[in-house]
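Dear colleague,

Please find below the structure that I am handing over to you. My notes on it follow.

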Amino acid sequence: MLSLLIELSGFAAALLFILGLKRMSSPATALRGIVLAGVGMLVAVLAAFGYLAQVTPLARPHLLTNLGLALLALALGTAWAWRSGRRVEVTAMPQMVALYNGMGGGAAAAVGAVALVSAHPQDNALHLAVTVLGALIGSVSLSGSVIAWAKLDGRLDSAWRFKGQSVFNGAVFLATLVLAALVVAGHGGGALAAAFFVGTLAFGVLMTLPIGGADMPVVISLYNAFTGLAVGLEGFALQNPALMIAGMVVGSAGTLLTVLMARAMNRSLANVLFSNFGDGAAAAQGEIAGRLTSVGASDAGVAMRYASSVIIVPGYGLAVAQAQGRLYELVKLLQAADVDVKFAIHPVAGRMPGHMNVLLAEAGVPYDLIFDMEDINDAFASTDVALVIGANDVVNPAARTDKASPIYGMPILNADQARQVYVIKRGQGKGYAGVENLLFYGDNCDMVYGDAQAVLTQMVQAVKDLAA
């Protein structure tokens, strides 16, 4: 009877994972999706404890020890996640996602390590090969995600490169594959397995170090796919259907998201991983026509109040200033004056997939005001005002016109086609691609310099004064 309940629990957990992921595809149902997936994880954990209850008598001497360690790990993990989840700022959300994703890969690698330590020469070669592959991918995800976290958190420079790095990385990866083959073949014992894990962890670090900050959203998505794949493979090794299905769902979804994000930048995944894009290095650029002009925040606020339509383009600068609440206050004032207001979201805006959506949801912005790039881009040409807040490369017309630009060919938001553009920016710095933004020099563009929180506060007050 217990065995049947465990099998049914695994099926129920897998079903809840799938339903949860499906609901996460829409902001309106994402919260319910997260709850469903969480319930599925709880069911999977209970099923794991049920498995412990039916272990063979020979293993029972270790049962209490294993049960105690499992409960301790659950308690520590739950307490730490609850505390960190409640305290994390939205600007630090990408770092937290990178860490949590790395922990998933690390858990899969740990399962593989235990399986390899207890392996016997007579074990099925396919089973052992799957275990080793899962451990390899999980280890790469763990160390790579830690480096991504360090970059996002400002603890490491955006990109670390040296001459011959690609060749060196390839040699490390090849050596790791040789070690993996020897482990599967049963040669060398524990020392060989340890060397294998050192190689996998080192490769994850080396693979991530040269990637620039502008590519971090794609990297986070890629490592999410790696973690899912590793979990699925280790689920096969453990003959656990819930882990297999959950891993395959997360792996396939993460892979699709990674491909879509790379496509949104008009770049291949290989170009993301092995090019110099996004390292902040200055790019060669010819003479730029036009000049930068600036206006006061109050003047821009008044202009938006008397416009008939406004499209807002949020960027990472909005998150840094924690100004999403003030922005929504401005939006509500404009709507009260019968101004049509919409938000335009670029697929790679921010530091992680969906970062801007999370930011706006925290402020309470209704979902029907938020539009993806492909759904709103044509509307800029008939819009009175485009308000760009802390975004740079995703609105740079050089992507359309300058073939020498590192962002040439990348689909951008057509903010430059609006009748008037206001750009809230701290200073005259460049974006992650290291190129000047041609939008800022346009005849229809004015800069509003300052912290987004302070600038938006002045805009709100200017609109309020008009109604007084």
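Predicted model: local features only at pLDDT ≥ 70, side-chain atom pairs only at ≥ 80, totals over all residues.

The expected span of a helix is 1.5 Å times one less than its number of residues.

Helix α13 covers residues 324-336, 13 residues in total. From its first C-alpha to its last it reaches 18 Å, close to the 18 Å expected at 1.5 Å a residue. Which residues of α13 are buried? They are Q324, L327, Y328, L330, V331 and L334. These residues lie on the same side of α13, because they cover an arc of only 155° around the axis. Just after α13, D338 takes a positive phi of about 65°.

I turn next to the salt bridges. How many salt bridges does the count come to? The count comes to seven.

A second salt bridge to mention joins the side chains of D416 and R400, at 2.6 Å from N to O. D416 lies in the loop between α16 (398-401) and β5 (420-425), while R400 lies in helix α16, so the pair ties together parts that are 16 residues apart in sequence. R400 has a relative accessible area of 35%, which means that R400 is partly exposed.

R426 forms a further salt bridge with D451, and the closest N and O atoms of this pair are 2.9 Å apart. Because R426 lies in the loop between β5 and β6 (445-449) and D451 in the loop between β6 and α17, the pair ties together parts that are 25 residues apart in sequence. Is R426 buried or exposed? R426 is exposed, with a relative accessible area of 58%, whereas D451 is partly exposed at 26%.

A search of the whole structure finds five aromatic pairs. Among them is the pair of F162 and F168, whose ring centres are 6.1 Å apart and whose planes stand at 70°, so the pair is edge-to-face; the cut-off for that class is an angle over 60 degrees. F162 is partly exposed, at 42% relative accessibility, and F168 is partly exposed too, with a relative accessible area of 44%.

F196 and F197 also form an edge-to-face pair, with 5.2 Å centre to centre and 70° between the planes. Why do these two residues count as buried? The relative accessibility of F196 is 0% and that of F197 is 16%, and buried means under 20%. Finally, R305 lies over the face of Y306, at 4.9 Å from the ring centre.

With kind regards

Methods
Residues numbered from 1 in each chain as written. Heavy atoms only, no water. Phe/Tyr/Trp six-rings, centres within 6.5 Å; stacked < 30°, edge-to-face > 60°. Buried < 20%, exposed > 50% of the residue type's maximum accessible area, 1.4 Å probe, protein only. Lys NZ or Arg CZ within 6 Å of the ring centre and 35° of its normal. Helix = DSSP H or I, 4+ residues; strand = E, 2+ residues; numbered from the N terminus. Arc of directions from axis to C-beta. Salt bridge = Lys/Arg side-chain N within 4 Å of Asp/Glu carboxyl O.
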